[in-house]
Amino acid sequence: MIENNICILTDSYKLTHHYLYPKGTERIYSYLESRTGAEFNKTIFYGLQYILKKYLEGSVVNEEKVLEAEKIVNQHIAPDIFNTEDWMYIVEKLDGKLPVKIKAVPEGSPVNVGNVLMTVENTDKHAYWLPNYLESLLLQVWYPSTIATLSAEVRKLCDFYLDVTGSSKDNLNFMLHDFGYRGASSTESSRLAGSAHLLNFSGTDTVPSLAIAENYYNTPEIQGFSVQATEHSVMTAMGPEGEMEQAINVVQNAHNGILSIVIDSYNYKNFLENACIKGHALNDEINKFLNKAEGNKVVFRPDSGEPISTTIDCLEIIEKGFGCKTTPKGYKVFDANIGLLWGDGLNYHKIRDILFGIKAQGWAAENLIFGMGGGLHTSVNRDTQRNAFKCSAQLRDGKWFDIFKKPLDSSKKSKKGRLKLLKNENNEYTTVPIDSDGEDQLRTVFKNGELLIDDSFTEIKNRALTYNKFPITV
């Protein structure tokens, strides 16, 4: 079977629609939105350029693909279902290029929910069935968009608590670290999720995500960074009795820079006592490491337990050994170049609770770094931001008809007609009929097989970072 055969990159039922639309249908016009009721009140649109370049750009249809699709559908549904003639028209008359026009809001834009993000319509009447045929593929933009939104909301949380505790923001770009590769559903999904996170933060252990900026977004510079760090296979290598000996070995052999150490292999309190309190050999080695080069830092990572109480426990033990100063707003910050990383079982709400909890105990937010794995890559779904792709207009016999649904569940009411997206001076968006006054924020990004907008990752990141200017979602 041909990989990425565009003729069958769809849902089975869509294979039957070409003969079910009304006679005289010439164009189908559909749109994507995040419906009202989403978890976060804005969506950062991201990932369409990747989909267009990987699956739709250029001559993507040929006779071999069409005949393979016909053979598969004959067995999968029934003979004479697949519209071979229409697909061969694209091959023979259109050089295998898809006759669709796609308009979209600039990637990285934070758009308040309930607004159009993308529109799709065919440009050749022989392919009136194509816009909604492509829904299954195009709607997958929900995933990187939702990850970008979740990551941005965590950044807003971090920024807020840095402010209220009078903390330095020097490390804001690294306050949320991506540990999601091992928990992702595939390498492709980890690349997309990881790159979406890099619109908001610079810390990642998802190495495959680094390829997206260069390969699909014209930005060869590395966008994500990491540090040397242990795991339990390292820290338990000499057993419980040899834990301190192995910890000393780790610190002595570490390179200059940041060293992250997991501390809960057996008893995190005991480990921190040895690491932080004078008189212990491990504490001596950590101080030697910190003094060896400017910028050296040790980050301790408790990896289990109740997040808030364990975090506060750790902060208090570190304070006993390394001491604290206070921020201008009176919150405690470690004297030494020491940090604490919580990366176990986190989601947006747990990060919020930890930040609130340490603030209540007088600790500055700048002491903490967070790590998210499954919570970042796999805890979201299409309904997190309520993404939906719906037809809103059809051209039949030369006349446009508004199309919409209005079920008893009013939250699923769809828009009607052809649409335009406007933006005001406060960067708030409104969806209006296409013939309304005002500059349309939807740009034509793709037409007839050609990519018309080719943004850089840097441009998109700059748009995404405006998200911090909006209030925290409550």
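## The cavity

A cavity is a set of points, on a 1 Å grid over the protein atoms alone, where a 1.4 Å probe fits but cannot get out; its lining residues have an atom within 4 Å of a point. This is a predicted model: local features need pLDDT of at least 70, side-chain atom pairs count only at pLDDT 80 or more, and totals for chains, interfaces and linings use all residues. Residues are numbered from 1 along each chain as its sequence is written, and side-chain values use heavy atoms, with hydrogens and water left out.

The structure holds one cavity of 30 Å³ or more. The largest cavity has a volume of about 80 Å³, a volume being the space filled by probe spheres set on the points, which are joined across faces, edges and corners. Its lining has 13 residues. Gln-49, Glu-107, Arg-443, Val-445 and Ile-453 lie nearest the centre. Nine lining residues are nonpolar, one is polar and three are charged. Here Ala, Val, Leu, Ile, Met, Phe, Trp, Tyr, Cys and Pro count as nonpolar, Asp, Glu, Lys and Arg as charged, and the others, Gly among them, as polar.

Helix H1 (48–56) and strand S19 (443–447) each supply at least two lining residues. H1 gives the most, with three. Helices (H or I, at least four residues) and strands (E, at least two) are DSSP runs, numbered from the N terminus.

## The sheet

Seven strands form an open sheet in the order S16-S15-S1-S5-S3-S19-S20, with antiparallel pairing. Two strands pair if DSSP finds at least two bridges between them. Strand S16 (399–402) and strand S20 (450–451) stand at the edges, each with a single partner strand, so one side of each has no neighbour in the sheet.

S15 (residues 387–396) pairs with S16 over four antiparallel bridges. Leu-395 has Trp-400 in S16 as its bridge partner.

## Aromatic rings

Rings of Phe, Tyr and Trp (its six-membered ring) pair if their centres lie within 6.5 Å; planes under 30 degrees apart count as stacked, over 60 as edge-to-face and the rest as tilted. The count is 13 aromatic pairs. Trp-87 and Tyr-133 form an edge-to-face pair, 5.5 Å centre to centre, with 65 degrees between the planes. Trp-87 is in helix H3 (residues 84–93) and Tyr-133 in helix H4 (residues 130–133), 46 residues apart.

Trp-87 counts as buried because its relative accessibility is 0%. Tyr-133 is buried too, at 2%. Buried means under 20% relative accessible area (1.4 Å probe, protein chains only). Phe-82, Trp-87, Trp-129 and Tyr-133 form one aromatic cluster.

Methods
On a 1 Å grid over the protein atoms alone, a cavity is a set of points where a 1.4 Å probe fits but cannot get out, and a pocket is an open set with protein on both sides within 12 Å along at least five of seven lines; lining residues have an atom within 4 Å of a point. Buried means under 20% relative accessible area, exposed over 50%, partly exposed in between (1.4 Å probe, protein chains only).
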